[in-house]
Amino acid sequence: MSVTSRYREAWEGFWREAPEEPGAVFWDAEPVLTAAHHLALYEPYLLDPGLPLVDLGCGNGTQTRYLADRFPRVVGFDLSGAAIGHARRADPGGLAAYRVLDAVDKADTDTLRAELGDANVYVRGVLHQAAAEDRQPLVDAVAGLVGVRGRAFIVELAESARPAMAELARRPTGPPPKLVPILRHGIAPGEMSDAALPEHLGAAGLTVLASGELPLTTTESEENGTRVALPSHWYVAGRAT
């Protein structure tokens, strides 16, 4: 199984058009406002911080580079070759490695698992954008990469984020500029219930070790000038010990 060509093409089109400068993409917030908060929640549950760290759905690699300063080996994977191109150009020193991966394709993820062994996995805002039928295979892929000693940190938009995004799109002055390309390429958040992710994790054989709520900061601003922050849920998951 692999993702549809329409979905892949949507992401390729988005990233081909995306500007190179930091913060130009809606969700490309500074790591100090995103991954740094996530690591504070994630690191206490790591059994082995020396395992490879996989940033699944790395996009242009902003968070990946931050993670690469804190773990010995970090690899960012994305469905879009154009996104991986952005990530490599932004990291000329090679802090991390970046590769194209269709995480719904079991053969590809099995090959990666054989290469890396157990890994820690970071997933930020990927599942809610995937088609409903692809979400369990994606979580199964995460479980395969985690293996026995790895831990996964997954953060996804809450149900209440979708109406918040719709309200942004309906502003009398028009959608915020950084939201426009997302809507144009058809990659706005999909319907995913708050109960879905824990169910997917359980079905993949993973145990939720910790969870909570955290605003997901974007690079766009409210009309009063404050940053747009969307409600999200986070989970740390791994094999039961």
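## Starting at T62

T62 touches D28, A29 and P31, leaving out residues up to four places away in sequence; here, contact means heavy atoms within 4.5 Å. T62 lies in helix α3, residues 62–68. Helices (H or I, at least four residues) and strands (E, at least two) are DSSP runs, numbered from the N terminus.

Is T62 buried or exposed? At 14% relative accessibility, T62 counts as buried. The word buried stands for under 20% relative accessible area, exposed for over 50%, and partly exposed for values in between (1.4 Å probe, protein chains only). The side chain of T62 has a polar contact with the side chain of D28 at 2.6 Å, and another, of 3.2 Å, with the side chain of N60. A polar contact is a pair of N or O atoms within 3.5 Å; within protein, one must be able to donate a hydrogen and the other to accept it, and residues adjacent in sequence count only if both atoms are side-chain atoms.

## How to read this model

This is a predicted model, in which local features need pLDDT of at least 70 and side-chain atom pairs count only at pLDDT 80 or more, while totals for chains, interfaces and linings use all residues. Residues are numbered from 1 along each chain as its sequence is written, and side-chain values use heavy atoms, with hydrogens and water left out.

## The nonpolar core

A nonpolar core is a set of buried Ala, Val, Leu, Ile, Met, Phe, Trp, Tyr and Cys residues joined through side-chain atoms within 4.5 Å. The largest one here has 73 residues, and L56 and V121 have the most contacts inside it. In soluble globular proteins, nonpolar side chains tend to be buried together.

Which residues does L56 meet, leaving aside its neighbours within four places in sequence? L56 is in contact with F77, L101, A103, V121, Y122, V123, R124, V126 and V142. L53 is placed in strand β1, residues 53–56, and is buried, with a relative accessible area of 1%. Beyond four places in sequence, the contacts of L53 include Y42, L67, F71 and V121.

In helix α2 (residues 35–42), the buried residues are A35, H38, L39 and Y42. They cover an arc of only 100° around the axis, so they sit on the same side of α2. The arc is that of the directions from the helix axis to the C-beta atoms. The buried residues of α2 pack against β1, α3, β4 (120–124), β5, β6 and β7.

Helix α7 (residues 161–169) has A161, M165 and L168 buried. Their arc is only 55° around the axis, which puts them on the same side of α7. An α-helix has 3.6 residues a turn, so residues three or four places apart point the same way. The buried residues of α7 pack against β5 (151–157) and β7 (227–238).

## Rings that pair up

How many aromatic pairs does a search of the whole structure find? The search finds eight. Rings of Phe, Tyr and Trp (its six-membered ring) pair if their centres lie within 6.5 Å; planes under 30 degrees apart count as stacked, over 60 as edge-to-face and the rest as tilted. W11 and F14 form an edge-to-face pair, at 5.9 Å centre to centre and with 80° between the planes. These two residues are about one helical turn apart because they are three residues apart in helix α1 (residues 5–17). Both W11 and F14 are buried.

F153 and W234 are a stacked pair, because their ring centres are 5.9 Å apart and their planes are at 15°. This pair links distant parts of the chain: F153 is in strand β5 and W234 is in strand β7, 81 residues apart. Both F153 and W234 are buried. Ring pairs also link W11, F14, W15 and W27 into a cluster.

## Two loop residues

D102 is found in the loop between β3 (97–100) and α5 (106–116). D102 is buried, with a relative accessible area of 6%, and its side chain reaches the backbone nitrogen of V104 at 3.1 Å.

T226 is in the loop between β6 (207–221) and β7. At 41% relative accessibility, T226 counts as partly exposed. The side chain of T226 makes a polar contact of 2.8 Å with the side chain of N224.
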